[in-house]
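These are my notebook entries on one structure. I set down what I looked up, entry by entry.

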Amino acid sequence: MTAGPSPVAVPASPFGRFVAEAAADGRLVVQPRMGFGDPARMRHGLERTRFAAATTVGTLTLDSYTRLGDHAAVRRALRAGLPLNGYPLVDLPAGRTRRLLDGLLGPDFPVQVRHGSARPTAIVKAMTRAGLDATEGGPVSYCLPYGRTPLRESVDHWARACELLTRLVPAPRLPHLETFGGCLLGQLCPPALLVAVSVLEALFFTQHGIRSVSLSYAQQTHPGQDEDALLALRRLAARFLPPGTDWHLVLYTYMGVFPRTGPGSRRLLEDSARLAVRTGVERLVVKTAAEAHRIPSVAENVGALESAGTAAELAARLRDARAPRPVPQADSEVHADARALVEAVLSLSPDVGLALRTAFAHGLLDVPYCLHPDNAGRARSVVDASGRLRWSSVGAMPLTADGPPGGHEVMTSAGLLTALNSVALRYDR
């Protein structure tokens with residue numbers, strides 16, 4: 001991989017510095033979405049991740065009760081010894097988490113907290129007490145797909161969370177915050193909207209004091225369209241993020257319906273690693289062959305990390321080591337549409353949080369197939385014959401529909417199921 005991190009005028013966070021150093025050395029950082037309720041199993045997962053045959057960072061994925069703020073349910077489960085589907089960071093003593101991380105967390109193995117909460121204040125307090133300084137989410141991406149919290153409340157909570165992070169992480173360390181905006185609903189969202197929301201959430205973070213960020217994008221249905229999206233994301237981040245911001249890009253292996261066969265899922269995972277290398281992405285969040293059936297084990301997570309790392313290393317070797325970073329094309333369709341969305345939102349208010357709320361209230365941002373009350377719900381997408389995601393209806397967004405006309409009539413229930421399963425079926429064949 002030839003692309004390095006973006007130049008910065010401030011010290012990188014421990015998380016950002018690790019990714020930057022790996023990228024400068026031509027290595028793709030790979031990361032699991034691992035989380036277990038049992039601290040001993042969680043430590044085992046982090047140990048195996050750290051010593052995997054790949055360049056890795058660790059993950060503490062929190063349980064769904066914590067995500068929803070239902071801490072009474074977490075405490076009941078802990079007292080009764082009931083299993084949780086993630087790590088209960090907030091309701092375990094900080095010392096317990098520090099012991100879990102002892103000897104693992106450090107400059108050569110940063111750990112990120114992943115959670116899914118529209119109200120992350122308690123999570124931020126708990127993670128910083130435990131010595132952690134990297135997390136992810138966003139006021140839009142952790143609100144619209146995950147529940148019915150009003151967008152206004154999510155924006156306010158996330159503003160406080162950003163400001164808390166800047167105060168609670170002791171200097172000279174900087175906290176790192178990744179926008180989940182490039183992963184809205186996981187699938188069937190045309191790339192321009194994913195790119196635009198990722199950029200806007202990153203701007204929201206920086207407006208509230210965060211100086212080290214990463215911008216996400218989830219692999220979609222067409223590799224060429226994904227390349228355009230990732231190059232557009234890099235170009236727009238360079239254009240709109242404040243000077244001196246430490247930033248990098250993170251790609252997610254396809255988040256929709258995953259192939260059900262082992263060979264199919266491995267091919268999709270390896271293709272995502274090769275996509276990351278082609279586009280200069282610095283970090284990849286992986287999925288496993290078990291995703292279509294159940295929560296993956298530690299061994300399955302490590303297998304996915306090593307498969308992705310090997311695919312990325314081979315792809316980098318096949319490239320000319322002297323090849324320049326891929327040049328983002330200003331005239332790509334994805335770039336033009338994403339820039340139009342970003343500029344339309346920023347024209348509404350110098351306060352990015354207020355601009356985001358206003359944009360959704362007027363339908364200038366509209367996520368297809370999203371049922372949240374604050375989403376206009378007029379936009380619709382289709383997968384065309386080539387496999388590209390297209391807009392069949394754009395609602396009030398400043399875009400032009402480029403798929404078959406008719407909006408709601410285009411996507412029947414049968415068509416929706418076909419679209420949702422198209423990637424899985426293609427790889428399983």
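Is cysteine 370 buried or exposed? I find cysteine 370 buried, at a relative accessible area of 6%; buried stands for under 20% relative accessible area, exposed for over 50% and partly exposed for what lies in between (1.4 Å probe, protein chains only).

I note that this is a predicted model, in which local features need pLDDT of at least 70 and side-chain atom pairs count only at pLDDT 80 or more, while totals for chains, interfaces and linings use all residues. Residues are numbered from 1 along each chain as its sequence is written, and side-chain values use heavy atoms, with hydrogens and water left out.

Entry on cysteines. I looked for disulfides (pairs of cysteine sulfur atoms within 2.5 Å) and found zero. Cysteine 143 takes part in none, and the nearest cysteine sulfur, that of cysteine 370, lies 8.6 Å away. That separation is too far for a bond. Cysteine 143 is also buried, with a relative accessible area of 2%.

Entry on α10 and α11. Helices are DSSP runs of H or I with at least four residues, strands are runs of E with at least two, and both are numbered from the N terminus. The axes of α10 (residues 262-279) and α11 (residues 298-318) come within 8 Å and cross at roughly 45°. I took axes as lines fitted to C-alpha atoms, for helices over the stretch in contact, with angles from 0 to 180 degrees between N-to-C directions. The two helices are therefore oblique to each other; angles under 35 degrees count as roughly parallel, over 145 as roughly antiparallel, 65 to 115 as roughly perpendicular and the rest as oblique.

I then listed the contacts (heavy atoms within 4.5 Å). From α10, Leu269, Glu270, Ala273, Arg274 and Val277 meet Ala304, Ser307, Ala308, Ala311, Ala312, Ala315 and Ala316 of α11.

Entry on methionine 255. I located methionine 255 in the loop between β8 (246-252) and α10. Beyond its neighbours within four places in sequence, methionine 255 is in contact with Arg33, Phe180, Cys183, Gly186, Ala218, Gln219 and Lys287.

Entry on α1. I found helix α1 (residues 14-24) mostly covered, with eight of its eleven residues buried. Among them are Phe15, Phe18 and Val19. Glycine 26 follows α1 and has a positive phi, near 80°.
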